[in-house]
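These are my notebook entries, written while looking through a structure that is new to me. I began with the strands and then moved on to the core, a helix and a loop.

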Amino acid sequence: MSAVSTYNIRVFGDPVLRQRAREVDDVDGRLVRLAEDMIETMYAAPGVGLAATQVGVERRLFVYDVGEGAQTVVNPAISEARGEWDFEEGCLSVPGLHWNIVRPKEVHLTGFDLEGNEISIEADEYLSRVFQHEMDHLDGILLLERLQPEERKEAMKILRSRVLGEVGPVPEEAPADARRPSRRAGTATREPSL
Ligand code: ZN
C-alpha cells in the first residue's frame with residue numbers, strides 16, 4: 001500500500017504560478033492520486049485551499065476544506081458573482097503576508113467531483129473567497145494582482161528581496177512603512193492561507 005505524499009508548494013517567483021492551467025479531460029487514477037496528495041499537502045501547510053498550479057501541475061482542479069471535510073473540484077467555473085466583501089486573505093504561495101482584499105461576496109461555482117458528478121455550489125463569504133482565490137490560481141493570477149497599487153508596490157519590494165535571496169524579510173534600504181506589509185500583520189487571529 002502506497003503512502004500519501006506531499007508536494008512542495010511553489011512560491012512567488014516560480015513561473016508555473018503565472019500559467020493558466022489546462023482543462024482536465026479524464027478523471028483517472030492519476031488524477032485521484034494527485035487530489036489525495038494535494039489534500040495532504042494542504043493539511044500539512046496548513047491551509048484551507050490549494051490549487052494544482054501551486055504544486056506545479058497545470059491542470060484545472062483545486063482542493064479545499066473549510067471545516068466540513070476535504071473536497072476536490074475539477075474544471076471549476078464561476079458563473080455568477082454578487083456583492084462585495086472585505087476579507088483578510090493570505091496565500092500559501094506568498095507565505096507570511098496577508099492583505100485585506102475586496103472581492104464579490106457570493107459566487108456560484110460549478111464543476112465536477114472525482115466521480116465525474118456535477119457540482120453546483122452557492123457560496124457566500126468565506127467559502128466564496130476560497131473559491132475565488134483558487135480559481136485565480138488556475139488562471140495564473142496571484143492575490144498580489146488584487147491589491148491596491150500602493151500595497152502592491154510594498155509587497156513586490158518585499159517579495160523581490162526574498163527571490164534575490166537577501167537575508168531577512170525586508171531589505172535594509174526599505175522605508176520603515178515597508179516593514180508592515182499589512183495593517184494587521186503580526187496578529188495571531190488571521191485565517192489560514194489558501
Ligand atoms: Zn493562494
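Entry, strand pairing. I looked up β3 and strand β6 (residues 106-112) and found that they pair in the antiparallel sense over six bridges, where pairing requires that DSSP finds at least two bridges between two strands. Within this pairing, Glu-80 has His-108 in β6 as its bridge partner. The names I use follow DSSP runs numbered from the N terminus, with helices being H or I runs of at least four residues and strands being E runs of at least two.

Entry, source. I noted that this is a predicted model, in which local features need pLDDT of at least 70 and side-chain atom pairs count only at pLDDT 80 or more, while totals for chains, interfaces and linings use all residues. Residues are numbered from 1 along each chain as its sequence is written.

Entry, hairpin. I then followed β3 (residues 71-82) to its other listed partner, strand β2 (residues 61-64), to which four bridges join it in an antiparallel arrangement. Phe-62 stands opposite Val-73 in β3. The two strands form a hairpin with six residues between them, and in the turn Gly-67 has a positive phi of about 110 degrees.

Entry, core. Which residues have the most contacts inside the largest nonpolar core? I found Met-38, Leu-50, Ala-52, Phe-62 and Val-63, in a core of 34 residues. Such a core is a set of buried Ala, Val, Leu, Ile, Met, Phe, Trp, Tyr and Cys residues joined through C-beta atoms within 7 Å. Among the elements that give two or more residues to this core are α1 (29-44), β1 (49-51), β5 (94-103) and α2. Leaving aside neighbours within four places in sequence, Leu-50 is in contact (C-beta atoms, placed from the backbone, within 7 Å) with Met-38, Thr-41, Met-42, Phe-62, Val-63 and Leu-92.

Entry, helix α2. This helix (residues 125-138) has 14 residues and reaches 20 Å from its first C-alpha to its last, close to the 20 Å expected, the expected span being 1.5 Å times one less than the number of residues. Because 11 of its 14 residues are buried, α2 is largely enclosed by the rest of the structure. A residue is buried if 20 or more other C-beta atoms, placed from the backbone, lie within 10 Å of its own, exposed if 12 or fewer, and partly exposed in between. Just after α2, Gly-140 takes a positive phi of about 80 degrees.

Entry, Arg-59. I found Arg-59 in the loop between β1 and β2, and it counts as partly exposed because it has 19 C-beta neighbours inside 10 Å. Its C-alpha atom is separated by 4.7 Å from that of Ala-21, 38 residues apart along the chain.

Methods:
Contact = placed C-beta atoms within 7 Å.
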